[in-house]
Amino acid sequence: MATAFSPSKFAAQPFPLNTTSQNNPLTIPTTASAFLGSTRKPILLSSSSNLNLRRGSLTVVKENKSKSTPNLLITKEEGLELYEDMVLGRAFEDKCAQMYYDSKMFGFVHLYNGQEAVSTGFIKLLKQQDSIACTYRDHVQALSKGIPARAILSELLGKATGCCRGQGGSMHIFSREHNMLGGFAFIGEGIPIGTGAAFTSKYKREVLKEADCDHVTSAFFGDGACNNGQFYECLNMAALWKLPIVFVVENNLWAIGMSHLRATSVPPIYKKGPAFGMPGVHVDGMDVLKVREVAKEAIGRARRGEGPTLVECETYRFRGHSLADPDKLRDPAEKAHYAARDPITALKKYLIDNSLASEADLKAIDKKIDEVVEEAVEFADESPVPSKSQLLENVFADPKGFGIGPDGRYRCEDPKFTEGTAQV
Amino acid sequence: MLAIARQRMLGQSFKKILPAVSVLRSYSSAAKQITVREALNSALDEEMSADPKVFLMGEEVGEYQGAYKITKGLLEKYGPERVLDTPITEAGFTGIGVGAAYYGLKPVVEFMTFNFSMQAIDHIINSAAKSNYMSAGQISVPIVFRGPNGAAAGVGAQHSQCYAAWYASCPGLKVLSPYNSEDARGLLKAAIRDPDPVVFLENELLYGESFPVSDEVLDSSFCLPIGKAKIEREGKDVTITAFSKMAAEMLEKDGIYAEVINLRSIRPLDRSTINASVRKTNRLITVEEGFPQHGVGAEICASVVEESFSYLDAPVERIAGADVPMPYAANLERMAVPQVEDIVRAAKRACYRSVPLAATA
């Protein structure tokens, strides 16, 4: 369908080595995203600015002009799905904050308010067998991936019915069923994990000959992680081995109190993709439709076996780094600027303006989500805490090694084990 | 676990305890109270003003005033050249710190928690700890690695590990772990002045606790020796060694007078103090927060068995954290960390008493 920008442009040239003019930050048009300049304070971008489309593998996504064209980016069903997912993420996080301030939740809680477009935009295009690896700010990605809200909320309260039975907590949401590979506390830790999952996918296809295995991995991480060595190591290997992964940078400009501009010698992160031989794309992370368009291309590339993509989403977290963060260093004007670009409000406006949904439809979804979250709270409150015996469980998958044999005893205790004649 | 010990200890007013026991603390009369946070902050401040080669490096140490506010005010006082906010790259900035130390400066590298030091452990061990040896004394590394260590409250498995045993097993490193404000001030100053790499393990839950300090402690030249343990409380029935853990008040009530040794220095371990104490009491309990296998308690037990075996009247009791990654759920977390009750039970086992002699409090 014809749209104002064509993401296929960056798919056409996977290995641009002629990046001389593109490396110079001064050649980047200053109407481009706020932080690309070399000043310390981000230049606030007005939401109607026109971003130039760049050729080659560096692409800056243009403003969505679909309002003026008859072809829309999404159908009604897709639109409502996206809306519902983002509202679920927002409502859930707000409920977490409320419970934390009521002292019902404890420890570290990192909320995703404001960044929903990134999670929804990418994860709603993934299948259940596709995997994701995130940071500690993982509640909403877990919700988008399909883990029920009640399971996550129970986990946050440390109950036995949580998705990890209360052993992981807010920062360590895992789900084998939905292929959510975590939830990691260390910055940059999820990137190699995601790269490894992509490696598995490729291995299954090529070595294990599961020809239809086209599983894609999305690794989500922040701007702070982009100064970490692991990030570059994984970019290199993913491109070298053409792994089916999408590296999604949730650039919310701040790492606790450290501005991205103060920590990075070359702030545009998407430019680091071509240095390693993969396309680098920058997209407005406050607009779920733009994110979705870019995600379609990037995930498509990975599924076709064309290799990794680095997508930088310019986004913002409305709350502090964690609920314990006083958040005094961020300029209120900056916060107000991004609050005005709330992704949920933007999508709502788009759906209504384009007659894809009515106010009533959206209100019905809001109400439904409220009920889901309330039910999750009740479920979590009523759930039992883990039993004492759970403390020592799950340290190993198989404490004695080699599991239990057909006779019901541990195989390693079989006297024939060392002779090599035991049934292993 | 410390929270419980502290609550019991500090919940009862300190003043009530002091006259009740024979005290080795030589405090002058009017004790001023400072928090561990203030103690660390003042130690850093004084050392930075005394020696221009000392500089701070770490995540959020500058504009954010420190992730736990330990470095509050230092950026304003010393400027961004001496208080460096780093990007999130432990391996990188630790390596840079070690390199700066090789070449003559005295960095103080902060890890937001010691869990993150695992990303930098190559530089701590291979570049810092081993270099004096490898270069036959030519390159000494006067660097301090500091930060909170061990369990906090509800922060999950990746934020709660205790690294005392890991770092203390490595020759070439000095490992210190302060308990109260006096320890924090004295040991940090000693660490910064020390020409060798020092791993300084603080405790997040203790940062806000106030302790009385004498005027001597507040003096800017105050320093505690590295490698000397402190006998926090003298006793005669059982020796309890701990770092950042105290439980003696509890035992007092039940008629067991425990001698509590605050190790202060994990490496070098003050074996002579520990052994002298065991020879006096004939029983030993080691208490630590970290994993039991190959822990600090294991080393102390081995040391005592080697040097004071004939003096032991009971097997050494080892209290450590549970042998599992730290669970998140609050009730499981409480079970995974030693509580005062565990220490009391161990003490009673060591003294062959299961019923208290005196009326229970």
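## The seven-stranded sheet of chain B

In this predicted model, chain B contains an open sheet of seven strands, arranged in the order β3-β2-β4-β5-β7-β6-β12, and the pairing within the sheet is mixed. At its edges stand β3 (83–85) and β12 of chain B, each of which pairs on one side only. From one strand to the next, the twist averages 20°. In general, the strands of a sheet pair through backbone hydrogen bonds, and they do so in either a parallel or an antiparallel manner.

Strand β2(B) pairs with strand β4 (residues 106–110) of chain B in the parallel sense, over five bridges. Within this pairing, B:Phe55 has B:Pro107 of β4(B) as its bridge partner.

## Helices lying across this sheet

Helix α3 (residues 36–50) of chain B lies across β2, β3, β4, β5 (144–148) and β7 (198–202) of chain B. Its direction is at about 135° to β2(B). Helix α5 (residues 90–102) of chain B lies across β2, β4 and β5 of chain B, and it runs at about 165° to β4(B).

## The five-stranded sheet of chain B

A further open sheet in chain B is formed by five strands in the order β9-β11-β10-β13-β14, again with mixed pairing. Strands β9 (230–233) and β14 (317–319) of chain B each have a single partner strand, so one side of each is left without a neighbour in the sheet. Neighbouring strands here are turned by 25° against each other on average, direction ignored.

How many bridges join β9(B) to β11 (residues 258–262) of chain B? There are three, and these two strands run antiparallel. The residue B:Arg233 has B:Val260 as its bridge partner in β11(B). Helix α12 (residues 271–281) of chain B lies across β9, β10 (238–242), β11 and β13 (284–287) of chain B, and it runs at about 175° to β11(B).

## Backbone features in loops

Two cis peptide bonds may be described here. In chain B, a cis bond joins B:Arg267 and B:Pro268, with omega of about 0°. B:Pro268 belongs to the loop between β12 (265–267) and α12 of chain B. In chain A, a cis bond joins A:Gly182 and A:Gly183, with omega of about 25°. A:Gly183 is located in the loop between α6 (149–156) and α7 (190–206) of chain A.

A further backbone feature concerns B:Glu60, which has a positive phi of about 65° although it is not a glycine. This residue, B:Glu60, is placed in the loop between β2 (54–58) and α4 (74–78) of chain B.

## The second largest pocket

The lining comprises 18 nonpolar, 14 polar and three charged residues.

## Annotated domains

For chain B, an unreviewed UniProt entry lists residues 34–209 as "domain: Transketolase-like pyrimidine-binding". Over residues 34–209 of chain B, 36% of the chain is helix and 16% is strand, and the end C-alpha atoms are 8 Å apart.

For chain A, an unreviewed UniProt entry lists residues 85–386 as "domain: Dehydrogenase E1 component". Over residues 85–386 of chain A, 45% of the chain is helix and 10% is strand, and the end C-alpha atoms are 30 Å apart.

Note on methods:
Residues are numbered from 1 along each chain as its sequence is written. Chains are lettered from A and ligands numbered from 1 in the order in which they are written. This is a predicted model: local features need pLDDT of at least 70, side-chain atom pairs count only at pLDDT 80 or more; totals for chains, interfaces and linings use all residues. Side-chain values use heavy atoms; hydrogens and water are left out. Two strands pair if DSSP finds at least two bridges between them. Helices (H or I, at least four residues) and strands (E, at least two) are DSSP runs, numbered from the N terminus. Axes are lines fitted to C-alpha atoms, for helices over the stretch in contact, and angles run from 0 to 180 degrees between N-to-C directions. Contact means heavy atoms within 4.5 Å. Ala, Val, Leu, Ile, Met, Phe, Trp, Tyr, Cys and Pro count as nonpolar, Asp, Glu, Lys and Arg as charged, and the others, Gly among them, as polar. UniProt positions are given in the numbering used here, feature names are shortened, and annotations may be inferred rather than shown by experiment.
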